Amino acid sequence: MPTTVVRFNLVDPAATPASLSERYRAALEMATYADDRGISTIQTEEHHGAENNWISSPFTFAGAVFGATRRIAVTVSAIIGPLHDPLRLAEDIAVLDLLSAGRLVTVAGIGYRPEEYEQSGVDWKSRGKLQDELLETLLEAWTGEPFTFRGRTVRITPRPFTRPHPLLLVGGSSKAAARRAARLGLPFFPSAHLPDLEAYYREQLREHGTEGWTMMPAAETPLLHIADDPDLTWAKHGEHFLHEARTYASWQSKDIRSAVKSTATTVEELRAEGVYRVLTPDECVRYAKGGADSLVLHPLSGGMPIDEGWRSLHHFCENVLPRLKDK
């Protein structure tokens with residue numbers, strides 16, 4: 001059975017504080033419902049200063065999910081590592097790991113938007129060095145023992161639940177990211193289906209004498225929405241998919257490689273492209289049984305109305321998942 005994921009970035013370009021609060025609370029209710037129905041993972045992410053209200057505090061959201069659920073994992077994919085204070089991040093992840101009994105997965109990338117660095121007062125040109133420091137600090141901090149950080153002796157408590165440490169992956173699409181992961185013996189999370197980069201990571205593991213593994217997106221990783229009438233859904237709600245796709249594309253240079261990168265400029269182009277897909281329950285079952293590694297549902301994409309998001313999630317959990325469990 002494919003891994004099942006429900007993604008939340010809480011984007012809403014037309015939000016008011018009241019409507020955004022409603023969206024966040026709906027996402028939490030959806031996470032609880034997904035947990036009860038056996039969904040594998042909630043996935044969220046981090047961006048700052050976005051006009052469309054892209055979520056900026058994924059660990060706060062993860063904590064709320066853990067408090068409302070029993071078994072589902074939360075993958076934060078990805079944090080922008082150099083924007084975080086290493087000691088405080090070590091504490092936050094340790095507490096979430098304890099709270100969830102090991103259900104948190106953190107992917108640490110370096111980002112691709114200089115304006116986010118500028119907003120945080122962090123030097124863009126120092127991002128590689130800062131990422132190295134962050135990852136090294138996290139691994140030392142989670143031992144619970146005193147260590148030296150920026151010339152002073154520190155100690156981080158409490159220790160996390162997971163041994164030897166909470167699940168931490170290095171994200172990215174560059175050889176520098178692959179080398180960083182291999183040097184530290186951390187798993188590697190390429191941002192797209194990049195077999196050559198995976199091979200390079202394995203070479204680096206051998207060179208450094210470390211062990212690791214790769215969590216790589218499949219060649220196709222579409223964002224799914226489930227509906228009885230895909231034509232009607234595209235006509236009524238395609239603008240929400242397109243808004244998110246265009247926003248994400250505008251942030252990325254030509255050198256950025258992403259599993260969900262779109263070049264579409266119209267709803268019609270987006271539908272033909274296949275990065276976002278609206279499927280009937282029967283079509284989703286066929287897609288899953290055709291060899292899909294994962295099913296990523298995106299019920300609140302781009303400011304999608306909450307009731308439409310619920311319809312998609314209900315369809316997925318009630319009319320798709322039971323038929324996959326019988327596979």
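**Figure 1. The loop around Pro158 and its cis bond.** Pro158 sits in the loop that links strand E6 (152-154) to strand E7 (167-172). Helices (H or I, at least four residues) and strands (E, at least two) are DSSP runs, numbered from the N terminus. The peptide bond from Thr157 to Pro158 is cis, and its omega is near -5 degrees. This is a predicted model: local features need pLDDT of at least 70, side-chain atom pairs count only at pLDDT 80 or more, and totals for chains, interfaces and linings use all residues. Residues are numbered from 1 along each chain as its sequence is written, and side-chain values use heavy atoms, with hydrogens and water left out.

**Figure 2. Backbone exceptions elsewhere in the chain.** Most residues other than glycine have a negative phi, and most peptide bonds are trans. Ala78 belongs to strand E3. Leu10 has a positive phi, near 60 degrees, and is not glycine. Its place is the loop between strand E1 (3-7) and helix H1 (17-36). Leu10 counts as buried because its relative accessible area is 1%, where buried means under 20% relative accessible area, exposed over 50%, and partly exposed in between (1.4 Å probe, protein chains only). Arg150 also has a positive phi, near 50 degrees. Arg150 lies in the loop between strand E5 (147-149) and E6. With a relative accessible area of 51%, Arg150 is exposed.

**Figure 3. The open parallel sheet.** The sheet has 9 strands, in the order E8-E7-E4-E3-E2-E1-E11-E9-E10, with parallel pairing. Two strands pair if DSSP finds at least two bridges between them. The edges are strand E8 (188-190) and strand E10 (276-279), each of which pairs on one side only. Neighbouring strands are turned by 30 degrees against each other on average, direction ignored. Axes here are lines fitted to C-alpha atoms, for helices over the stretch in contact, and angles run from 0 to 180 degrees between N-to-C directions.

**Figure 4. Strand pairs within the sheet.** Strand E3 (residues 73-80) runs parallel to strand E4 (residues 104-109), over 6 bridges. Val76 stands opposite Thr106 in E4. Further along, E9 and E10 run parallel and are joined by 4 bridges. There, Ile226 stands opposite Leu279 in E10. E9 also runs parallel to strand E11 (residues 294-297), through 2 bridges. Leu224 has Leu297 of E11 as its bridge partner. Which residues of strand E9 (residues 223-226) point one way, and which the other? Leu223 and His225 point one way, Leu224 and Ile226 the other, and all are buried.

**Figure 5. Packing of helices H6 and H7.** Helix H6 (residues 175-184) and helix H7 (residues 195-208) pack at about 35 degrees, with their axes 8 Å apart. The contact (heavy atoms within 4.5 Å) involves H6 residues including Lys175, Ala178 and Arg179, and H7 residues including Leu197, Tyr200 and Tyr201.

**Figure 6. The largest nonpolar core.** A nonpolar core is a set of buried Ala, Val, Leu, Ile, Met, Phe, Trp, Tyr and Cys residues joined through side-chain atoms within 4.5 Å. Of the 93 residues in the largest one, Phe8, Ile42 and Phe316 touch the most other members. Helix H11 (residues 306-325) gives the largest share, 8 residues. Beyond neighbours within four places in sequence, the contacts of Phe8 include Ala27, Met30, Ile42, Phe61 and Leu300.

Figure 7. Ser312 is placed in helix H11. Ser312 counts as buried because its relative accessibility is 0%. Leaving aside neighbours within four places in sequence, Ser312 is in contact with His225, Ile226 and Leu297. Ile93 lies in helix H3 (residues 86-100). Ile93 is buried, at 1% relative accessible area. Residues up to four places away in sequence aside, Ile93 touches Phe59, Leu104, Thr106, Trp142 and Pro166. His237 lies in helix H8 (residues 230-251). At 8% relative accessibility, His237 also counts as buried. With residues up to four places away in sequence not counted, His237 touches Met304, Pro305 and Glu308.
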